[in-house]
Amino acid sequence: MPEAKKPETVQGGQSELTGLFVERPESTTVIKGKNVTFVAKVDSSDLLRKPNMKWLKGKWLDLGSKAGKHVQFKEAYDRNSKVYTYEMSIIKVVEGDAGGYRCEVTSKDKCDSCTFEVTVEAVQEEQPANILDSFKRSGDAGEDAGDLDFSALLKKREKKARDEPKEEVDVWEILKDAKPCDYEKIAFDYGITDLRGLLKRLKKMKKVEPKKSDAFLKKLEQCYSVDKGKRTQMHVELHDPNVQVKWLKNGVEIKPSAKYVFECVGNKRTLTINKCNLSDDAAYECVVGEEKSFTEVFVKEPPVTITKLLDDVHVVVGEKVEFECEVSEEGANVKWMKDGVELTKDGKYRIKKDGKKHTLVINEATIEDIGMYYVYTNGGESKGELEVEAKELEVLQSIADLSVKACEQAMFKCEVSDEKVVGKWFKDGVEVKPGNRIKMSHIGRIHKLTIDDVKPQDEGNYTFVPEGYALSLSAKLNFIEIKIEYVPRQDPPKIHLDTSSTGSKNTIVVVAGNKLRLDVEITGEPAPTVCWMKGDTVISEAEGRVRVETRTTLSSFVIEGAERPDEGQYSIIVTNPAGEDRAELTVKIVDVPNPPENVRCMGVGEDTATITWDPPKFDGGAPIKGYLMERKKQGSSRWTKLNFEVFESTTYEAKKMIEGVFYEMRVFAVNGIGISQPSGNSKPFMPIAPTSEPTRLTVEDVTDSTCALKWRPPERVGAGGVDGYIIEWCKEGEDNWVGANKEPVDKNTYRVKGLPTGEKLLFRVVAMNIAGRSPPCIMKQSVIIREIMEYPKIRLPRQLRTKFIRKVGEKINLVIPFQGKPRPVVNWLKDGEPLENKSVGIRTSDFDTILFIRSAERDHSGTYTLSVQIDNMQDKADIHIQIVDKPGPPINVMVTDVWGFNAALEWKPPKDTGNTDITGYTIQKADKKTQGWFTVYEHNRRPSCTASDLVMGNEYSFRVFSENICGLSDEVAFSKNTAIIGKTDLEYNKPAFKEKDMSSSPKFTAPLVDRVVVAGYSTAISCAVRAYPKAKIVWMKNKMIIGEDPKFLMQNNQGVLTLNIRKPGQFDGGKYSCKAINDLGEDEVECRLEVRGTGTHTQCHAFTHRHAQTHTHTHTHTATPIILSMRQTFIGSQ
């Protein structure tokens, strides 16, 4: 049996590990009919709770609902390694099992998933020559269990080489057409020995016409699938278009609301669920009378993807680093990792969340931070590389050559950018040591080497080397001897600079990225010293991007790959003993401009849109010549050019677009150097035209200062829809329209307030959308603003016109609408007195009043009077409320007569009838031997009855229950005397009877069975005991006696012991035991109950509900479906 192994690499659509999976299932190829098992292991060492595992086929089909003989699941946990092992086995693979599978593991805010493939190959094997070898039964319980499986008989088989080929015979086709008297002969001819299995198989093959529903023409689909946030609809069709239906969710009736919308069109009933979320993933029912139609709704939650990937970052040591990404949903959880280690918030790292934007911040970058950084979601990943460079040391002042006479002082001085840098001094490559004449100092950024009383041996090359940097500063010390020599002729230095070709005087224009080389010829005798400066900074580098190259009569200033910071004022200074010369020049860097900013749509038409933008902040050093525009449809990656000639304005009208389609725009800036990068995309906009005018504008209500209007939507809406409506009014005969609302209203009704009393006004309504205002819908006739008197009237609902009956403890909520203008005064009375009971709440609005009682009591019964009054006009309505309860027991139950095998009983009605009429009585009998109660009559209306068919020689006692519309009384009345059924017309002298000793110690005939249940679903465990005298039963959990805990219900029915556990939780798991004790001894049995979490709550609930419905129709006397299931298990074990 192949098992899944951990793959070395992630391929295809399989998501990479996020730290949860230790081992993942692997794709495999299986031969049809064989078994296959897939294994997944999950590390729970970092999890706060047990992970939830789901196995899915295809995209959304949850295999947990298909568990059974064909698909089986297994789960194990290793406490030492804290690893959960999950197994999925497919028994006897068929062709339909081929395809893609996925397993998902989730635990609070962490999740992981992986995919694998199953390929099914056809079986290629020889069939046995003997047909009996192919005959088998399904199942693993033995040779006599399961159904007959004749599939092997229908396959082709090869005969021996010497046998002549025969046509393949379908035995079942022969048996279907044969007479029952010929079954035995055909079975003998084809080697079938199990006639009982043959008849069972034939019975199953008969076509059974599906039972037609009396209520439904078309039932609900088996299941519905919907994306999270979307809408779904469920439809049924009924035989009777006037019948009422109920919609249930997980067994609870659904009330109409904005989320759940009921529709009724003819015989079609529709349930619409708006904005589905995970709580809507449940089982639903449509109930018509006694018939039901079931379905399930699966809500799919899309995976979180990364919409903006990480970018690589290049920084210098000490700088701040920010990795930023965007995901598809706000509030999504992401994981940051480096070198396989998850990054968390500490002093070094900070993780920020802002809506869909997630940022990883490193405050001060170091060399150790170099590496690849990853961000993971449950639907994708991204990575970015961080490069950190060492900080360059900048030389602020270099050491200079010195010429010193004998006995003078020589001092070399340099200045660097970092105060903490230390260094060493060398002479001709040998380190200089401090002494009496030689002193070294380091003050701040300045390093000095001082030599006193210079001697000829001090002459040489001196070098300063900073520690930790590949940098050295050198200068020469020349020792001057005093000699009288011939002094040659000296010429002052001269700079020969020619910039006439650049246009402006001494201005050099360079395109960004190009190389600048300026060669300056220099003359003078002796050879002058050259110094280049940018502002006040000396440029002394002989190598690098910006450098100075010096020869005898030529000095060259070089910039490799000119950048914008290189722009500025430069100067060259040449000196010799005869004088000095200086020249100034300006370097100007030009580049393509920055992209335009703030691209936005200012207005739209039916197929046009007006786009405007702001010029770029930097024009690249050259004037902006114009702009190029591109557009694309939202979601597409293909951009379309709108102009090939440069467009000079910053406002453009795009044409020939499709109405109702979202577009995005971007703009390029153009100067003499080239085209800029594209601007940011504009917000999506839709070319649309305004709607047509609203229709049917009418007045709904008028007061002294307000007017309520209503209207219908426009007949032509268009692709842009309607964003809202603007209402305006003006006085009749004028044209000064005043806006009634600043913001558009969504609804088709509006009450205009602050109107002048007594004026004649006209109203109009305008529909608004992104295209602007529609034509107005103007009211044809003016409206006089004056209150209209309306008589008060109570609209009493039909169910309140008769006596309103409710049981004790039920909730009462009565909504009674009324009308009247101005607003009537509402008053409530009970039995003619003011309503002062604090447990009865009253709420009143402008159009209705509500009476509500959270928990009804019997003293709430009475006549409630509602009155609405305007001045001297009044309307009243009486509501009769009756709160009923279960009755008390009958009184004085007596056996009045006994004759033959009959007994006559009489009693008196109960004192407490439960505030309603007694509908009948239930009478039960019990003989003195067994003490078992059996029902004689149900719903007996008279306070008397005759019990017949009594057994001769027995003595009977009786008990009676009262019954009303609430049910049977909680207490029972027992008969004060008994009925003895004597023997008639015979005299028999009874010999002395020695009663047989039936005493026995307790012994359990059926033990407790270990169970695994789902948390939140009531369950029961059962066993059976035999003992005489009757044993005392003690239930224990973990060796602790279970007391009068309302969570547990203990029952003993004829020796069958049941412990019902109501909605068990995780803490209810453990070892349960039952002990039976009497005077002769005791016996004990025990079992283990395991309570699992609600990982597949919806499927388990749907299965339990359907299981309950099946057993409820089959066994009408069973208390609950789960207890029935346990009873059947117990009977089967016996």
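Analyst: We will go through cores, a sheet and salt bridges in turn. Keep in mind that this is a predicted model.

User: How many residues does the largest nonpolar core have, and which of them have the most contacts inside it?

Analyst: The general idea is that in soluble globular proteins nonpolar side chains tend to be buried together. In this structure, the largest nonpolar core has 24 residues. F21, F38, M53, W55 and M88 have the most contacts inside it. At least two core residues come from each of β3 (36-43), β4 (52-57), β7 (83-90), β8 (99-107) and β9 (110-121). Apart from this core lies another, of 22 residues, including V321 and Y373.

User: What is M53 in contact with, leaving aside its neighbours within four places in sequence?

Analyst: M53 is then in contact with F21, A40, V42, Y86, C103, E104 and V105.

User: Now the sheet. What is the order of strands in the open sheet of four strands?

Analyst: The order is β1-β3-β7-β6, and the pairing is antiparallel. At the edges are β1 (21-23) and β6 (71-78), each of which pairs on one side only. Neighbouring strands are turned against each other by 25° on average, direction ignored. Between β3 and β7 there are eight bridges; for T37, the bridge partner in β7 is S89.

User: How many salt bridges are found in the whole structure?

Analyst: As a general idea, side chains of opposite charge can pair when their charged atoms come close. A search of the whole structure finds 39 salt bridges. One of them joins R102 and E104, with the closest N and O atoms 1.9 Å apart. R102 is buried, at 15% relative accessible area, because buried means under 20%. E104, at 24%, counts as partly exposed.

User: Which parts does the salt bridge between E324 and K308 tie together?

Analyst: These side chains meet at 3.4 Å, N to O. E324 lies in strand β23 (residues 321-327) and K308 in strand β21 (residues 306-308), so the pair ties together parts 16 residues apart in sequence. E324 is partly exposed at 26%, and K308 is partly exposed at 34%.

User: Where do R545 and E563 lie?

Analyst: R545 lies in the loop between β43 (537-539) and β44 (546-550), and E563 in the loop between β45 (554-559) and β46 (568-576).

How values were computed
Residues are numbered from 1 along each chain as its sequence is written. This is a predicted model: local features need pLDDT of at least 70, side-chain atom pairs count only at pLDDT 80 or more; totals for chains, interfaces and linings use all residues. Side-chain values use heavy atoms; hydrogens and water are left out. A nonpolar core is a set of buried Ala, Val, Leu, Ile, Met, Phe, Trp, Tyr and Cys residues joined through side-chain atoms within 4.5 Å. Buried means under 20% relative accessible area, exposed over 50%, partly exposed in between (1.4 Å probe, protein chains only). Contact means heavy atoms within 4.5 Å. Two strands pair if DSSP finds at least two bridges between them. Axes are lines fitted to C-alpha atoms, for helices over the stretch in contact, and angles run from 0 to 180 degrees between N-to-C directions. A salt bridge is a side-chain nitrogen of Lys or Arg within 4 Å of a carboxyl oxygen of Asp or Glu.
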